[in-house]
Amino acid sequence: YKNYTKIFRKSVVVCLMAVVSVTLAGHGVKAATFSDTQNHWAKYSIDYVVDRGYFNGMSDTLFSPEEGTTRGMFATVLARHSGENLTNYGDAPFADVSSDAYYDSAVAWAFTNGISDGTSDSTFSPNEYLTREQACTMLARYCEQYGIALAERNQVQTYRDDSSISLWAKDSIYEMQKSGVMIGSDNVFSPQKNISRAEVAVLLARLDGNFFENYQDESEEEEPVEDGQIGALIDTFRSTFYCDGECCNGEWSGQTAIGAIPTPGRTIAVDSSVIPLGTWVYVDYVDARLDQYDGVYRAEDTGGAIKGNRIDMLVGSHSEALNAGVGNCNIYYYNNYK
């Protein structure tokens with residue numbers, strides 16, 4: 001979507017939502033209805049994975065973001081992400097995986113594709129909590145099996161607790177660190193710590209290229225101070241313009257990828273692998289006729305046609321979008337926030 005004619009906006013997102021539906025404990029409701037995620041640090045990622053059918057809640061009102069992720073649960077969400085038809089895999093070949101368990105065919109899928117081994121020749125331990133290093137290893141195997149190429153976002157740095165990482169997990173952990181998909185905190189990875197449902201939601205969102213910022217309530221949203229500083233140049237970008245009406249935004253009118261209200265003078269759509277969502281930037285148009293749009297903006301939305309060095313700037317009306325047309329701009333990081 002978001003091409004020059006502004007007609008096909010977000011068509012790619014619609015395709016992404018066509019994933020295999022496998023019933024997990026709980027119900028497939030919209031993330032916005034969960035009472036325990038509204039102020040959670042991973043809210044944007046949770047909203048994203050639930051709305052795409054990768055993850056379900058533990059009930060209609062609870063997602064339980066801090067609860068541990070079981071081995072059966074992790075196999076299930078990865079299988080959903082793959083889009084595979086799980087009926088092709090039959091029952092899992094493990095004595096402790098019941099044929100009527102929600103994770104049965106997902107475990108069979110994970111085992112068949114070499115994504116996860118059993119805990120023994122006859123057991124999978126589907127209800128055992130998964131550690132961060134185990135999750136990282138399964139994720140790396142999944143990417144390799146399905147040809148998912150991860151962009152290099154970080155320079156690898158040895159974790160301070162590297163000595164506590166199992167040898168079989170080290171390559172996977174540092175591969176994920178390099179891509180930014182799974183990293184530690186304060187250069188500590190905590191490999192034996194159980195991975196939470198919220199953390200898994202973040203992994204899946206990042207796997208799709210969505211590196212969401214931590215959630216903030218709109219009323220407390222971080223704004224740049226008036227005397228903020230223009231930081232380093234990101235690059236030169238091609239810019240198009242759109243309005244929030246159905247003509248440009250289709251069924252997503254009134255929504256952005258990070259859940260913020262679309263706001264002219266603030267909202268731009270970006271390729272989140274180039275400019276992470278939530279980033280404040282300064283846009284400086286090369287074209288003199290577009291100087292009125294120079295200023296501070298926030299990366300709040302994405303689009304199927306917005307790839308690489310492309311942005312789409314939200315303006316107040318469709319006629320304004322058409323009049324603005326297409327331009328070139330230099331984009332800088334914007335420093336100093338309230």
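In β5, which residue is the bridge partner of Val-270?

Modeller: The bridge partner of Val-270 in β5 is Ile-311. Before building on that pair, please keep in mind that this is a predicted model, in which local features need pLDDT of at least 70 and side-chain atom pairs count only at pLDDT 80 or more, while totals for chains, interfaces and linings use all residues. Residues are numbered from 1 along each chain as its sequence is written, and side-chain values use heavy atoms, with hydrogens and water left out.

The pLDDT, which is the predictor's confidence in each residue on a scale from 0 to 100, has a mean of 84 over the protein, and 85% of the residues reach 70 or more. Over residues 1-29, however, the pLDDT is below 50, although this stretch has 91 contacts in the model beyond near neighbours in sequence (a contact being heavy atoms within 4.5 Å).

Helices and strands here are DSSP runs numbered from the N terminus, with at least four residues of H or I for a helix and at least two of E for a strand, and two strands pair if DSSP finds at least two bridges between them. Strand β2, residues 267-270, is joined to β5 by three bridges, and the two run antiparallel. Three bridges also join β2 to β4, but here the strands run parallel, with Thr-267 standing opposite Arg-298 in β4. Strand β4 is also joined by four bridges to β3 (residues 280-285), in an antiparallel arrangement, and there Val-281 stands opposite Tyr-297.

In β4, residues 295-301, six of the seven residues are buried, so the strand is largely enclosed by the rest of the structure.

Turning to the helices, α7 (residues 197-207) is mostly covered, ten of its eleven residues being buried. Its buried residues, among them Arg-197, Glu-199 and Leu-207, pack against α2 (43-51), α3 (71-82) and α5. Just after α7, Gly-209 takes a positive phi of about 90 degrees.

Helix α5, residues 132-145, also packs with α6, residues 167-179, at an angle of about 70 degrees and with the axes 8 Å apart, the axes being lines fitted to C-alpha atoms over the stretch in contact and the angles running from 0 to 180 degrees between N-to-C directions. The two helices are therefore roughly perpendicular, a term that covers 65 to 115 degrees, whereas angles under 35 count as roughly parallel, over 145 as roughly antiparallel and the rest as oblique. Among the residues that meet are Cys-136, Leu-139 and Cys-143 in α5 and Trp-168, Ile-173 and Met-176 in α6.

Two serines in loops complete the picture. Ser-125, in the loop between α4 (104-112) and α5, has a positive phi near 55 degrees and is buried at 18% relative accessible area. Ser-190, in the loop between α6 and α7, also has a positive phi near 55 degrees, but counts as partly exposed at 28% relative accessibility.

Conventions: Buried means under 20% relative accessible area, exposed over 50%, partly exposed in between (1.4 Å probe, protein chains only).
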